[in-house]
Amino acid sequence: DQFLLGSFKDFAQHLNALADVAVVAAQKQMKSERMKTELITNVSHDIKTPLTSIINYSDLICREECDNENIKEYAGVLHNQSERMKRLLDDLVEASKASSGNIDIMLAECDARVLISQVTGEYYQRLSDSGLELVCTTPEDEIKIMADGRRLWRVFDNLMNNARKYALSGTRIYVSLETIGERAVFRFKNISREALSINADELSERFVRGDESRGTEGNGLGLSIAKSLTELQGGVLDITVDGDLFKVTVSFPIIK
């Protein structure tokens with residue numbers, strides 16, 4: 001008996017030592033993530049200062065009366081690319097903050113139907129202009145969830161924008177809301193224009209895109225931001241790839 005007690009004591013001490021090591025490692029990781037977030041934020045801010053001047057002056061050049069069409073064309077390209085870089089910097093900072101949890105989340109009671117109708121209303125014409133048809137299905141009864149309306153809007157905005165950029169022209173974008181058990185489930189489905197060469201898990205990682213050509217305006221951060229923001233609000237975001245069918249499911253517990 002004494003031998004067993006001694007063995008258990010040694011085992012407990014080793015277990016406590018391992019726990020201490022794990023805590024220290026976790027603290028170092030959190031500190032590292034905070035430092036990376038601060039570095040990205042500071043560098044992005046330093047880059048955005050001269051970038052803002054480039055955007056403003058290129059816009060002024062575009063507005064100037066000029067007989068030389070080449071100058072207008074060059075200024076237009078400069079303006080568009082600098083705007084694109086600004087969006088990338090904004091997304092990079094948001095992705096870094098969201099993945100490290102260094103972002104304010106204000107949870108409140110929300111009607112899931114209102115949230116989905118707002119984003120589909122916003123994108124109806126944009127999708128139509130891109131040769132895509134939006135099909136939205138929602139229930140008649142209200143579905144209450146706890147979420148940060150502003151952050152959840154960002155999640156849906158990223159998912160809809162992702163569909164607009166990567167869906168095959170002439171096809172439909174399906175958006176639906178339903179209750180399954182005790183959860184409100186949002187679904188976004190579209191047919192991909194390009195063959196999806198990687199698996200679903202990799203698509204939610206930072207800087208990963210479904211198309212290898214990089215011929216579109218995306219930067220590979222949209223799905224990563226959407227997943228991180230969803231999880232920070234207590235939701236779950238899953239990505240499914242079935243051939244050319246791309247599906248994202250976002251779910252939250254229902255408030256009774």
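**Terms and values**

Author: Of the 256 residues of the protein, 34% count as buried, that is, under 20% relative accessible area with a 1.4 Å probe and protein chains only, where over 50% is exposed and in between is partly exposed. The model is predicted: local features need pLDDT of at least 70 and side-chain atom pairs count only at pLDDT 80 or more, whereas totals for chains, interfaces and linings use all residues. Residues are numbered from 1 along each chain as its sequence is written, and side-chain values use heavy atoms, with hydrogens and water left out.

Reader: What makes up the protein in helices and strands?

Author: There are six helices and seven strands, taken as DSSP runs (helices H or I, at least four residues; strands E, at least two) numbered from the N terminus. Along the sequence they follow the pattern α-α-β-α-β-β-α-β-β-α-α-β-β.

Reader: Why are α4 and α6 called roughly antiparallel?

Author: Helix α4 (residues 149–166) and helix α6 (residues 222–232) pack at about 150°, with axes 9 Å apart. Axes are lines fitted to C-alpha atoms, for helices over the stretch in contact, and angles run from 0 to 180 degrees between N-to-C directions. Angles under 35 degrees count as roughly parallel, over 145 as roughly antiparallel, 65 to 115 as roughly perpendicular and the rest as oblique. The two helices are therefore roughly antiparallel to each other.

Reader: Which residues of α4 and α6 meet?

Author: Contact means heavy atoms within 4.5 Å. On the α4 side are Arg151, Arg154, Val155, Asn158, Leu159 and Asn162, and on the α6 side Gly222, Leu223, Ile225, Ala226, Leu229 and Thr230. By class, this contact has six nonpolar, four polar and two charged residues. The buried residues of α6 include Leu223, Ile225, Ala226 and Leu229.

Reader: Which residues touch the most other members of the largest nonpolar core?

Author: They are Ile145, Phe156, Phe186 and Phe188, in a core of 38 residues. Such a core is a set of buried Ala, Val, Leu, Ile, Met, Phe, Trp, Tyr and Cys residues joined through side-chain atoms within 4.5 Å. Leaving aside neighbours within four places in sequence, Phe156 is in contact with Leu115, Ile116, Val119, Phe186 and Phe188.

Reader: Is lysine 256 buried or exposed?

Author: Lysine 256 has a relative accessible area of 77% and is therefore exposed. Lysine 256 lies in the segment after β7, and its C-alpha is 8.9 Å from that of glutamate 182, 74 residues apart in sequence.

Conventions. Nonpolar A, V, L, I, M, F, W, Y, C, P; charged D, E, K, R; others polar.
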